Every structure is written in C-alpha cells, then in structure tokens.
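I opened this notebook page to record a few places that I looked up, one after another.

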Amino acid sequence: MTEHLHFPTLLRMIDERSAAFRAAVAAAPSLDADVPSCPGWTLYDLANHLSEGDRFWAYIVLNTAPGDERPSKDGLAAPREREALITWLADSTEQLLTALREAGPDRGCWAWWEPLASPHTVAAVARRRVPESLIHTYDAQLASGTPQELPTTEAVDAIEEFLATVCTGTVPWPGEPATMDYHAAEAGSWRQTVDAAGSRFTRLTAAEAAESKPTAAIYGTASEMALLMYMRIPAGSLRMEGDADLLQQLQDWD
C-alpha cells in the first residue's frame, strides 16, 4: 500500500466515492440511461454491479481465507425503483465498510489477484474497492451528463493499485520484452516491465524518469492516467512517446 493511504483513509474514500455515485444515480434522467464508458450497460446495470461488488467483498473479508475457492455472488440483485435502489446502494456500502472495520486490515482473505504486489488481505481489498467506486462514479456521472475529473489523491493511488493488483503477475508476455512508463503530472512516474517472467512495476525517481529510455511513455494528469488505465478515455487524448502500439498490446493482453 502506498505509504500515505492508511486503512482509515481507504475506508473514507470508499464512503465518499460511493456517496458521489449515489448522487449521480439520483441526478440521472433515468435508470435506463446508457453508460457510454460501459457499452451495453444501463445506469441500473452499473448500480447493480457496484452494489453487488460491495456486498460480495463484505462477505469475503469476514468469511474466507487465502486459497479458498471463489465465493458465489448469487442472490445479490438490486431493486429497480430509483429510491429503493439508492437506499440499497447506501446499505451495500455500509455492509462493506462495517465488514472491513470488523475484519481489520491485516486479516487474510480470498482474492482473485496474484499476491505478488497486492497481498490477499483486507487492506488490499479496501484498496481495490476505492478505484471500483472511483471509476464507476465517473461512469455514472457520464450517464447523467455530468462527468467530473477524478479527485487527485484517489486517482494517484488508483494508478499504482492498478499496476500492483491488475498488472503484476507471472503470465508470460507474448512479445519482445518491453517497458512502459506512466508519468502523472502531479504524482511522479511508474514503469511497467513485461517479459517472459510476466509483468511487474516500479516507481521511478525524478532522475530515473528523466534519464530513462523506455519502449514507450505516456504523459497526463493523474485523473487522465487513471481513466486511461481503466480504458475510459482513448490513448490518443494523452501525449505518448516511443512505440505507439505498446499500450494497445498491453490493454489487449489477457
């Protein structure tokens, strides 16, 4: 976990982003509104997905251990009437926060990611739920016609959490070894390295970032970088240097 985001901070961020999500749902013209950043989904589908995830992980942190089989999500469908849905969303978030507090940050639990950079702990689950709430709030705002820039602190940690949880693993890279540098204007730089051993990342110092010669590099604000990683904005909207095809290859890589 990045040193400046302690467990209580993560819980506060989940609570704040979830409240922003509910506000976007309340402001939208209809629960049937299309979500442009999630093709084929309505706003209701998005709300159901986020609340399902909150309740799913609330169960996981209290009832599973590392190495357990994946629990079921059966029976978690949200109501379709707007007022009831907003109440359901608030209750879903409260279930998650209560479970995270009760379990405590150091408890082990089931998780889908490889425990190389993100451990199978309650703290890592809390950290994973922040960008879930963060990015899906942006999705809901798009659906309601009021998209907002991501809060900087949450966006910065979303970048590193994505590299740690989603991008770090031992699946062999199918191409030639490569490096991708990500430069966030407010927050510094990270390097993702991919090769036969898989994918891993490191933070770059300012000197390393200035002197490095990666396969490709991309530049933007922290908000833009986080939205790019979650494929909410196109790579062409940011400045890129080097191999322009590498980012698409990384996004397409299973």
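Which backbone nitrogen lies 2.9 Å from a polar atom of the side chain of aspartate 195? I found that it is the backbone nitrogen of alanine 197.

I note that this is a predicted model, in which local features need pLDDT of at least 70, side-chain atom pairs count only at pLDDT 80 or more, and totals for chains, interfaces and linings use all residues. Residues are numbered from 1 along each chain as its sequence is written, and side-chain values use heavy atoms, with hydrogens and water left out.

Entry on aspartate 195. I placed aspartate 195 in strand E2 (residues 188–195), strands being DSSP runs of E of at least two residues and helices runs of H or I of at least four, numbered from the N terminus. Aspartate 195 is buried at 15% relative accessibility, where buried means under 20% relative accessible area with a 1.4 Å probe and protein chains only. Leaving aside neighbours within four places in sequence, I listed its contacts (heavy atoms within 4.5 Å) as Pro172, Trp173, Pro177 and Arg200.

Entry on serine 37. I found serine 37 in the loop between helix H1 (7–27) and helix H2 (43–63), and serine 37 is buried too, with a relative accessible area of 17%. Beyond its neighbours within four places in sequence, serine 37 is in contact with Asp139, Leu142 and Arg232. I also looked up methionine 231, which is 194 residues from serine 37 along the chain, and the C-alpha atoms of the two are separated by 8.3 Å.

Methods: Buried means under 20% relative accessible area, exposed over 50%, partly exposed in between (1.4 Å probe, protein chains only). A polar contact is a pair of N or O atoms within 3.5 Å; within protein, one must be able to donate a hydrogen and the other to accept it, and residues adjacent in sequence count only if both atoms are side-chain atoms.
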